[in-house]
Every structure is written in C-alpha cells, then in structure tokens.
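Good morning, and thank you for coming.

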Amino acid sequence: MIKPEHLRDLVITPTLQLMDEAFPGAGNPRAIELLLGIAAHESTIAGVTYLKQQGGPALGIYQVEPATHDDVWINYLEFRPARRELMQSLLPAGVSDPLSTAAHDALITSLSYATAIARIVIYRSSFDWPAAGDVAGLGAIWKTHYNTGLGAGTVDQFVDHYPLEIA
C-alpha cells in the first residue's frame, strides 16, 4: 500500500517541481491534488489494486495507455526539445527509445516517470483550475481531459476514491 501523503510528498510534488522550469506551472498545487486523485481513482491507490488494467492496455498507477504515452512523445514532446530532454532524463537507465516496450514498462516501474507523463496529458489541455479542495472540480477535469467521455469512470467515482483526509 502507498500512503497518499507519501505519494504526494515524495513522488508527485518533487516530480512536478522538477518539471516546472520546462513546463511552467506544472507544479501548481491544484495539479498535485489532481494527480493524487487520478492515482487514487485509476489504481485504487489506497490498496494499489492495479498496475496493469484488467482486460485493457493501461499501465501504472495513473493507468496511462501505451497509445496515449506514445502520443505525448510523437505529437507533443517531439516539437518541444527542452521538454523532450527533461522527459528523456526521467526515463529509467538503459531506456533510450521513448516509444519502446521498455518505456511503456516505465509507466509501471518508475513513479516519477509515470507522474510526469500523466501531468503532460493534463498539461496539454486548457481549462480553469477549481478552488483548492474542490474534489468534484478536479474530478470534472479528470473526466474531461484524462478519462474522456469514452472512459467508463464518473466524477462521482473520482470523488469517492479521493483520499479526503489529505485534501
């Protein structure tokens, strides 16, 4: 089990702080709250139920599909050298091809890399952040910009899974 505050304080916050220079605003407090909620909902983080989607392709605590991962690299990072360089530095040692199976596996094995990819998925979208502690507002961002209308999850489920004791 991963304690939500450990995920927030030891993985999400330092990763987003590292990203902040190349991705201005990446480390804002609402983004930290959102990523914590995504992990809690997508992988049932309180018990770390899923590192690989049951019956599907999604990987890691944020349940990023390999196709989404590759889209980040092909259609976003490819055209932003400083951001691409930072992301390459987050790939585990020995992984040189960001479109490889080894890079996909890093979504499971590297919490920092998975966090950065999930943050970029959200970073590419335009929206207004909700007020601090507005879990339903974060859920609406997750549903619209991460899970999408095609996903089975609901805002109510996101809210139900959010670790409110640290909100």
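Of the 167 residues in the protein chain, 48% are buried, where buried means under 20% relative accessible area, exposed over 50%, and partly exposed in between, with a 1.4 Å probe and protein chains only. Please bear in mind that this is a predicted model, in which local features need pLDDT of at least 70 and side-chain atom pairs count only at pLDDT 80 or more, while totals for chains, interfaces and linings use all residues. Residues are numbered from 1 along each chain as its sequence is written, and side-chain values use heavy atoms, with hydrogens and water left out.

The protein chain contains eight helices and zero strands; helices (H or I, at least four residues) and strands (E, at least two) are DSSP runs, numbered from the N terminus. The C-alpha trace spans about 40 × 35 × 30 Å along its principal axes. Among contacts (heavy atoms within 4.5 Å) between residues at least 6 apart in sequence, 61% join residues at least 24 apart.

Let us now turn to helix α5, residues 101–109. Which of its residues are buried? They are Ala103, His104, Ala106 and Leu107. Seen down the axis of α5, these buried residues fall within an arc of 145°, so they line one face of the helix; the arc is that of the directions from the helix axis to the C-beta atoms. Their cover includes α3 (66–75) and α6 (111–123). On the other side of α5, Thr101 and Thr109 are exposed.
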